[in-house]
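The points below are grouped by topic.

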Amino acid sequence: MQTEEDFKNGQVLLIDKPLTWTSFQAVNKLRWSIRQAFSIKKIKVGHAGTLDPLATGLLVICTGKMTKQINIFQGQEKEYTGTFVIGGTTPSFDLETEVNETFPTDHITEELIQNAIPQFIGKIEQYPPVFSAIKKDGKRLYEFARAGEEVEIKPRQVEITEFEITEINGLELKFRVVCSKGTYIRSLANDFGKALNSGGHLSELRRTRIGDFKVEDALTPEDFIASLPSKGV
């Protein structure tokens with residue numbers, strides 16, 4: 001069982017983030033629980049890479065002195081699985097917003113889908129979603145988007161080392177992708193829809209790996225809290 005000193009000296013906690021939780025909520029929940037368990041006023045806790053509320057999976061959370069390693073963990077390769085829905089786009093590129101435009105899909109075949117994959121492997125230019133936390137002129141992009149203000153977004157170079165469609169179920173495409181820091185899977189969904197001469201958005205996303213850390217080794221927040229010596233919840 002981990003002690004107060006363990007957490008202060010630094011721990012790397014692997015948490016399986018639940019659906020609808022923000023990464024910030026997960027960090028706050030763990031910080032509060034550690035403080036309650038050991039009756040301590042203050043402890044540093046931070047995460048190494050945000051997951052959107054509509055995504056689940058691996059969140060690497062560092063405590064104490066290990067928070068100094070967050071930038072290193074953030075820069076490591078990441079793996080995701082999930083689902084693209086073809087035939088419609090949303091302003092956020094996922095289900096945070098509703099479908100605002102629909103496109104033809106009758107022409108889409110498995111061959112067309114498989115032939116579209118190679119153009120997304122390697123170093124590619126990608127436009128981040130307008131509904132994202134990237135800052136421009138001191139404001140988050142999603143603040144502009146929610147206010148209905150248009151803003152110029154510049155493309156970024158990212159690297160995708162592995163990308164495969166693992167299952168085709170009508171207009172739902174299951175995928176697995178391995179990519180660099182800064183890659184937006186929502187943007188990949190939108191761009192993949194365009195590559196099929198249609199539209200696309202992300203309906204499901206799960207982060208399965210960051211560097212050598214795997215989601216199979218992660219605990220739910222509830223299981224982590226239950227592992228603490230005294231329960232403050």
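Helices here are DSSP runs of type H or I with at least four residues, numbered from the N terminus. On that basis K8 and E4 both fall in helix α1, four residues apart, or about one turn of the helix. The model is predicted. It contains nine salt bridges and nine aromatic pairs.

- K8 and E4 join their side chains in a salt bridge, with an N to O distance of 2.8 Å.
- K8 has a relative accessible area of 33% and is therefore partly exposed.
- E4 is also partly exposed, at 23% relative accessibility.

**Salt-bridge network around R176**
- A network of salt bridges links E79, E162, E164 and R176.
- Between E79 and R176, the closest N and O atoms are 2.7 Å apart.
- E79 sits in strand β4 (residues 78-86) and R176 in strand β11 (residues 172-179), so this bridge ties together parts that are 97 residues apart in sequence.
- E79 is buried, because its relative accessible area of 16% is under the 20% cut-off.
- R176 also forms a salt bridge with E164, where the closest N and O atoms are 2.7 Å apart.
- E164 belongs to strand β10 (residues 156-169) and R176 to strand β11, so the pair connects parts twelve residues apart in sequence.
- E164 counts as partly exposed, with 34% relative accessibility.

**Aromatic pairs**
- F7 and F38 make a tilted pair, 5.7 Å centre to centre with 55 degrees between the planes.
- This pair links distant parts of the chain, with F7 in helix α1 (residues 4-9) and F38 in helix α2 (residues 23-38), 31 residues apart.
- F7 and F38 are both buried.
- The ring centres of F120 and F192 are 5.6 Å apart and the planes are at 55 degrees, so this pair is tilted.
- F120 is in the loop between α4 (110-116) and β7 (122-126), and F192 is in helix α6 (residues 185-195), so the pair ties together parts 72 residues apart in sequence.
- Both F120 and F192 are buried.
- F120 and F192 belong to a cluster linked by ring pairs, which also includes F84, F163 and F175.

**Positive phi outside glycine**
- T20 is not a glycine, yet has a positive phi of about 80 degrees.
- T20 lies in the loop between β1 (12-17) and α2, and is exposed at a relative accessible area of 52%.
- N197, another residue other than glycine, has a positive phi near 55 degrees.
- N197 is placed in the loop between α6 and β12 (200-210), and counts as exposed at 57% relative accessibility.

Technical notes: Residues are numbered from 1 along each chain as its sequence is written. This is a predicted model: local features need pLDDT of at least 70, side-chain atom pairs count only at pLDDT 80 or more; totals for chains, interfaces and linings use all residues. Side-chain values use heavy atoms; hydrogens and water are left out. Rings of Phe, Tyr and Trp (its six-membered ring) pair if their centres lie within 6.5 Å; planes under 30 degrees apart count as stacked, over 60 as edge-to-face and the rest as tilted. Helices (H or I, at least four residues) and strands (E, at least two) are DSSP runs, numbered from the N terminus. Buried means under 20% relative accessible area, exposed over 50%, partly exposed in between (1.4 Å probe, protein chains only). A salt bridge is a side-chain nitrogen of Lys or Arg within 4 Å of a carboxyl oxygen of Asp or Glu.
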